[in-house]
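Please look at the sequence and the 3D structure below. The paragraphs after it lead through the parts one by one.

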Amino acid sequence: MTKSIHDFQDEHGRIHTWPSDRRRAHQLAILDYLTGLLDPGVSYDQGQVDQLLADHSTLPDPSVLLTELVEGDYLATDGQVYWRADGRPGTRPSGERG
């Protein structure tokens, strides 16, 4: 992704602003960035995903990020757990890195 997300991050690297729909390329760059924080093949429960988004965002409602990640096919879910859409779930339990 060639678009920078720097304009949408605070001094700690957290997303502070969600770009408008006119800036879709920036939205996609942010989604790529957030997806990269998750390990392929690892399943994450709702609390873990919420915490990750809270740790890397200062948006008043970080659920917009989760919605965008799922609707954009960056994350997949079965309603109970989430995983990167480019990795099969259940390969490793969350927290275990390989």
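**Where two helices meet**

Q46, V49, D50 and L53 in α2 meet L65, L66 and L69 in α3, where a contact means heavy atoms within 4.5 Å. By class, the residues of this contact divide into five nonpolar, one polar and one charged. Here Ala, Val, Leu, Ile, Met, Phe, Trp, Tyr, Cys and Pro count as nonpolar, Asp, Glu, Lys and Arg as charged, and the others, Gly among them, as polar. Helix α2 covers residues 46–55 and helix α3 covers residues 63–71; their axes come within 9 Å and cross at roughly 115°. That makes α2 roughly perpendicular to α3. Axes are lines fitted to C-alpha atoms, for helices over the stretch in contact, and angles run from 0 to 180 degrees between N-to-C directions. Angles under 35 degrees count as roughly parallel, over 145 as roughly antiparallel, 65 to 115 as roughly perpendicular and the rest as oblique. The crossing of α2 and α3 is right-handed: a crossing has this hand if the near helix is turned clockwise from the far one by less than a right angle, and is left-handed if anticlockwise.

The model is predicted, so local features need pLDDT of at least 70 and side-chain atom pairs count only at pLDDT 80 or more, while totals for chains, interfaces and linings use all residues. Residues are numbered from 1 along each chain as its sequence is written, and side-chain values use heavy atoms, with hydrogens and water left out.

Now take the whole chain. The protein has three helices and four strands, in the order α-β-α-α-β-β-β along the sequence. Helices (H or I, at least four residues) and strands (E, at least two) are DSSP runs, numbered from the N terminus. Of the 98 residues, 37% are buried. Buried means under 20% relative accessible area, exposed over 50%, and partly exposed in between (1.4 Å probe, protein chains only). The accessible surface of the protein comes to about 5800 Å², and 47% of this belongs to carbon and sulfur atoms. Such areas come from the Shrake-Rupley method with a 1.4 Å probe; for residues, only the protein chains shown count as cover. Among contacts between residues at least 6 apart in sequence, 51% join residues at least 24 apart.

Helix α3 also packs with α1, at an angle of about 90° and with the axes 10 Å apart. That makes α1 roughly perpendicular to α3. The residues that meet are R24, L31, L34 and T35 in α1 and L65, E68 and L69 in α3. This contact has four nonpolar, one polar and two charged residues.

Which residues does Y74 touch, apart from those up to four places away in sequence? They are L28, L31, D32, T35, E68, L69, W83, R84 and A85. Y74 lies in the loop between α3 and β2 (75–77). With a relative accessible area of 15%, Y74 is buried. Y74 and D32 are 42 residues apart in sequence, and their C-alpha atoms are 7.8 Å apart in space.

The loop between α3 and β2 also holds D73. At 61% relative accessibility, D73 counts as exposed. Most residues other than glycine have a negative phi. In D73, phi is near 60°, a positive value in a residue other than glycine.

Q9 is in the segment before α1 (24–35). Is Q9 buried or exposed? Q9 is buried, because its relative accessible area is 17%. Q9 touches R14, I15, H16 and Y33, leaving aside residues up to four places away in sequence. H12 is found in the segment before α1 as well, but H12 is exposed, with a relative accessible area of 58%. From C-alpha to C-alpha, H12 and H56 are 8.7 Å apart in space, and they are 44 residues apart in sequence.
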